[in-house]
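These are my notebook entries on one structure.

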Amino acid sequence: MPDDKKPQSPDAVTASPKSSLTARGLRLLLQNPRMAHTLLREEYRKKFGIAYDRRFRPGFSGPPVTLNLNLTRRCNLKCVMCEQHRHVSGPTGLNWYDPRRELPLAAWINLLDQVASFRPQLYITGGEPTLYPHFPEFIKAAKQRGFMVHLQTNGTLLDRIADDLVSLGVEAVTVSMDGPQEVHDAVRGQKDAFRKTTAGLRALVAARKQARRPGPIISINCVISKASLATLDQLVPLAQELGVDILQIQHTIFNSAANVQRHNRALSPAFAAEQGLNLAPPSIPEGEYYESEITPADLPLLVDKLADIRRLAQGRVKQVFLPNLPSNLLDPYYLDLAHPFPQECIAPWKGCRILPDGTVSPCLHLTSGNIASQPFAEIWNGPQMRRFRQIISRRLFPGCARCCSRSFT
């Protein structure tokens, strides 16, 4: 595995990560010209459209620019920092966790036909989305309709579908990685996870090269945890060795028992009913949140590791931090859930999550309808979504404290 003292490969010398990504992006636009519509509308909504809606059309929103599609909540790993409610045995009582209630392929294709006119980017996730029985057919249907597709996966099954993802023209794939083998396997809860995931990444890179196709753009994403903290900088040479395009470091999404109690008191069934919201209570169930183990003693190491990543990645691989926090905000981010970060979130105007059984949810176990029985347009600006946007415009809930969709600067 290369380190920062070894010479770069000829490719790395002649093409910076930024220029290489730009060229790849342009080729993707040629491959799927409808991407331009998606990206331009997303930029317009971010800079102008959402602000206009919030000021002049309270509760209403233009069509979404992204749809977060949870094809399944099944997963073959048990990651320590995952919020998914599957670390307990037995049924959860929530419809969307029941594999028997997963939507048939026809229902998902019907959704694609409904939203095709405004072409939101499709963010395909789960659970582990490749476990959905009709995953290949769904991706094919999405690409036939010109959608821009971004797949989020743990990568353990990626080698089986790498050729299909490339040939179908999927634009982006993000794979979860936590560090070297012993760290990754410990965090993922499976002894052989590192081998499977790296094999999948190599297969995808090789398939893209063999087909001489520009996509997908390949990222690895590391969610910071206590277990991965000491080896974060090792992700840079790992990313370079694997041949991925982007290394993304994601600050932990976490909560505390005390803050969850405050949240569930604020967003209670009584409050939801009073406000005309549909809630699957409790808003944050026990077992569906992660408590960070990072302590004040860990913060100097975290600051050093993030600086090392910036230094090592320079000229080798594009690196992204989510959220992109300055060093002086790391302490309040990790140690003070009550810190007064900006009370702003535009996520309900950008898109929504559609759960495996068709339930549409902005977040926080609030539900707005179901695509199996209602037109999506009717749900998107229906009474529950409009009312939630009005409420979230004024102030966030306690459970929003470390959500990756909100503003921190």
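Entry 1, cavity. I looked up which element gives the most to the lining of the largest cavity, and it is H16, with three residues. The elements that give two or more residues to that lining are strand S11 (366–367) and helix H16 (383–394). I take helices (H or I, at least four residues) and strands (E, at least two) as DSSP runs, numbered from the N terminus. The model is predicted, so I note the limits: local features need pLDDT of at least 70, side-chain atom pairs count only at pLDDT 80 or more, and totals for chains, interfaces and linings use all residues. Residues are numbered from 1 along each chain as its sequence is written, and side-chain values use heavy atoms, with hydrogens and water left out.

I found one cavity of 30 Å³ or more in the structure. A cavity here is a set of points, on a 1 Å grid over the protein atoms alone, where a 1.4 Å probe fits but cannot get out; lining residues have an atom within 4 Å of a point. The largest cavity holds about 30 Å³ of space, the volume being the space filled by probe spheres set on the points, which are joined across faces, edges and corners. Its lining consists of Leu277, Asn278, Pro362, Leu366, Thr367, Ser368, Gln384, Met385 and Phe388. I sorted the lining by class: five nonpolar, four polar and no charged residues. Ala, Val, Leu, Ile, Met, Phe, Trp, Tyr, Cys and Pro count as nonpolar, Asp, Glu, Lys and Arg as charged, and the others, Gly among them, as polar.

Entry 2, strand S6. S6 pairs in parallel with strand S5 (residues 217–223) over five bridges; a pair needs at least two DSSP bridges. Valine 223 has glutamine 250 in S6 as its bridge partner. S6 also runs parallel to strand S8 (residues 318–322), joined by five bridges, and leucine 247 stands opposite glutamine 319 in S8.

I searched the whole structure for disulfides (cysteine sulfur pairs within 2.5 Å) and found zero. Cysteine 79 is buried at 7% relative accessible area. The sulfur of cysteine 82 is 6.0 Å from that of cysteine 79, also too far. Cysteine 82 is partly exposed, at 27%.

Note on methods:
Buried < 20%, exposed > 50% of the residue type's maximum accessible area, 1.4 Å probe, protein only. 1 Å grid on protein atoms, 1.4 Å probe; cavity = no way out; pocket = protein on both sides within 12 Å on 5 of 7 lines; lining within 4 Å.
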